[in-house]
Amino acid sequence: MRLSILGAGTILPQPNRSPACHLLEIAGRKLVFDLGPGAVARLAAAGLDHREIDTVFISHLHPDHVLDLVTLLQATNATPSWERRAPLQLIGCRGLAAFTEALLAIFRDARPETYALEIHELELGANEVAGLNIHAALTGHTSNSLALRLEAEGRVFAYSGDAADLPALVEIAQDADLFLCEASFPDGQGTPDHLTATQAASIAARAGVRHLVLTHLYPQADTQNMRAEAEAQFKGRLTIAQDGTEVRA
Ligand SMILES: [Zn+2]
Ligand SMILES: [Zn+2]
């Protein structure tokens, strides 16, 4: 599998880290995890044109993870000499359907016209959706924010979304080949609804993760040595993401 980080940041403007967007290529599929502002353009620049996007996961409904959903839907309707026929799978947290409906009540021209928008709100635990096996768990970041685990072709990918330091994350990331985990802040600057690099690395170590990729970094990340903080806890392969980072597992 190949993971491209197209948004390694948060809602705050940063030159090297845009709001959340990650592209996972696995089992012949191209799966998008979160659509922060600007994500559709960055996906296109990375080779995934909006016409080719068919499966999008939304971890939770904060703007840095979901604002470009309307861009995707509007672009789909506004592309000259092309009509989307294939369904678009939108998979994510509780409240995703009502959120999308409210968005389309405001942006009426983005309402699907020629294709089916299939929205799946995940159950906690195991799900089979859009031909994929996905486990979901609450992360404690918001009341409905999810962490996701995907197993395909004998490989395991896990994504924390935004998360508090909960044992459920160890379960979601257990023995993962690749664990994409938020690490918002360096040590000493953490908040109860996000992880520090030390917390993310400790979760990865307890879960027996092979490769840990830290994403969702606030600007403070560059003021302190988060790699050293993480390496003190986690002895596996470690990547600290910026926009454009690519890893294979
Ligand atoms: Zn976020
Ligand atoms: Zn959030």
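Here is a quick look at a zinc site, a helix and a loop residue in a predicted model.

Local features need pLDDT of at least 70 and side-chain atom pairs count only at 80 or more, while totals for chains, interfaces and linings use all residues. Residues are numbered from 1 along each chain as its sequence is written, chains are lettered from A and ligands numbered from 1 in written order, and side-chain values use heavy atoms, with hydrogens and water left out.

Let's start with the metal. His 60 (NE2), His 62 (ND1), His 141 (NE2) and Asp 162 (OD) hold the zinc ion (ligand 2) at 2.2 to 2.4 Å. Donors here are N, O and S atoms within 2.8 Å of the metal (3.2 Å for Na, K and Ca); water is not among the atoms, so sites may look incomplete. Asp 162 also coordinates the zinc ion (ligand 1), 3.4 Å from the zinc ion (ligand 2). In sequence, the donor residues of ligand 2 run H-x1-H-x78-H-x20-D.

| Residue | Relative accessible area | Class |
|---|---|---|
| His 60 | 0% | buried |
| His 62 | 31% | partly exposed |
| Arg 108 | 53% | exposed |

Arg 108 sits in the loop between α4 (96-106) and β6 (117-121); helices (H or I, at least four residues) and strands (E, at least two) are DSSP runs, numbered from the N terminus. Its C-alpha lies 9.0 Å from that of Gln 74, 34 residues away in sequence.

As for α6 (residues 197-207), eight of its eleven residues are buried, Ile 203 among them. Gly 208 follows, with a positive phi near 70 degrees.

Key
Buried < 20%, exposed > 50% of the residue type's maximum accessible area, 1.4 Å probe, protein only.
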